[in-house]
Amino acid sequence: MSVFDINPDIRQAHTLASDFYTDEKYFEQSKEKIFARSWQFLGTMDNLENLNPQTILENFLDEPVLISRLANELYCLSNVCTHRGNVLIENACNDDGIRCRYHGRRFDGSGKFLSMPEFETVENFPTERDDLPRIPFGVWEKFLFAAINPIAPFENFIGEMREQLHWLNFEHLKFASAKDYFVRAHWALYCENYLEGFHVPFVHQSLNQAIDYGSYASELFPFSSLQTAFSKSSADDINAAETKSSKQNPFEKNIAAFYFFIFPNLMFNFYPWGLSVNVVKPLKPDLTRISYLTLVSDESKLNQGAGADLETVELEDQTIVESVQKGIRWRFYSDGRYSPAREQGTHHFHQLIAKFMTD
Ligand code: FES
Ligand SMILES: [Fe+2]
């Protein structure tokens with residue numbers, strides 16, 4: 001049986017084989033096969049300058065891009081000069097155009113080549129190849145995404161989240177904090193733990209008191225999934241979150257949290273107080289950075305319900321995921337089975353990994 005044989009019938013399926021997490025070859029292959037072909041999070045539109053350099057997955061894909069604004073349009077460009085490959089912009093700035101500090105080549109904010117000294121006698125110059133390449137770029141509400149070589153359009157990855165949350169007012173979400181955690185485990189172990197609520201009663205005692213485990217629900221979409229935790233009390237209920245004036249939250253039960261996962265590594269967690277975005281960034285086969293971005297709409301609810309004390313929940317998850325990292329290295333473990341009732345999200349995630357790795 002190959003590492004990537006995941007039976008589509010969860011009742012018959014075995015989990016991804018441990019080689020996927022331990023063999024460096026798969027870690028290397030996942031850069032091109034999984035991460036370069038999926039949509040990556042670039043941050044929010046708040047406080048953008050005219051030119052904003054970014055690195056897509058630093059110390060992993062390491063792709064330098066530039067979010068640029070020209071006449072109220074946003075572009076995502078390669079941040080590498082088309083002459084001899086110098087990185088163009090190192091710090092965000094409000095300059096009107098781009099000028100390479102190596103030999104003075106100039107571009108406008110849409111990446112169009114403008115001028116180059118000492119090139120008067122060069123033949124067939126300039127051509128489109130001298131413009132800065134545009135990187136596939138996606139915007140959802142105030143969030144920015146890019147993909148190097150996407151397997152499917154942005155809408156296929158984000159459309160379900162857009163659809164399900166159309167009633168939520170994103171304008172009130174304000175930046176509150178950013179924090180990075182480091183987990184000594186493979187990136188996929190961290191994600192697949194997130195994708196099941198099965199462990200909540202065992203691993204997260206305080207969270208388990210805030211949510212109704214019995215009604216915890218998972219929905220699967222082509223490149224994303226949604227877990228919904230319902231609340232035991234209406235006091236910590238997302239329904240009370242501010243809705244767009246013309247729209248109503250379509251849910252009847254009390255919602256403690258929506259956990260949206262965008263394959264392969266983006267988590268958008270909605271709580272009554274706002275949104276926690278968690279980006280899972282591989283560094284080594286056994287080391288992962290988790291970047292938290294916290295956006296708050298209602299501070300008075302920060303300490304209530306499923307969104308209270310997320311740091312405790314994070315550390316509980318890290319401890320268990322690091323324990324799994326140790327376990328999967330040992331020779332008497334290769335793979336396991338899934339609970340059809342509680343591990344649909346993890347099964348779906350493993351199928352997507354298999355699809356991307358073998359396509
Ligand atoms: S590398 Fe940019 S002008 Fe030469
Ligand atoms: Fe957890």
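Me: On what basis are the values given?
Reply: Residues are numbered from 1 along each chain as its sequence is written, chains are lettered from A and ligands numbered from 1 in the order in which they are written, and side-chain values use heavy atoms, with hydrogens and water left out. Local features need pLDDT of at least 70, side-chain atom pairs count only at pLDDT 80 or more, totals for chains, interfaces and linings use all residues, and the basis is a predicted model.

Me: How are helix 4 and helix 7 oriented to each other?
Reply: Helices (H or I, at least four residues) and strands (E, at least two) are DSSP runs, numbered from the N terminus. Helix 4 (residues 187-194) and helix 7 (residues 310-329) have axes 10 Å apart and pack at about 125 degrees; axes are lines fitted to C-alpha atoms, for helices over the stretch in contact, and angles run from 0 to 180 degrees between N-to-C directions. Angles under 35 degrees count as roughly parallel, over 145 as roughly antiparallel, 65 to 115 as roughly perpendicular and the rest as oblique. The orientation of helix 4 and helix 7 is therefore oblique.

Me: Which helix gives the largest share of the lining of the second largest pocket?
Reply: A pocket is, on a 1 Å grid over the protein atoms alone, an open set of points where a 1.4 Å probe fits, with protein on both sides within 12 Å along at least five of seven lines; lining residues have an atom within 4 Å of a point. Of the 21 lining residues here, L189, E192, E196, V324 and Y333 are the closest to the centre. Helix 4, helix 7 and helix 8 (344-358) each supply at least two residues. The largest share, five residues, comes from helix 7.

Me: Which residues lie nearest the centre of the largest pocket?
Reply: Strand 1 (40-44) and strand 2 (51-56) are among the strands that each supply at least two residues of its lining. The lining has 28 residues, and nearest the centre lie F41, L42, G43, Q54 and K281.

Me: What is the omega of the cis peptide bond that joins F125 and P126?
Reply: P126 lies in the loop between strand 7 (113-115) and strand 8 (137-140). The cis bond joining F125 and P126 has an omega of about -5 degrees.
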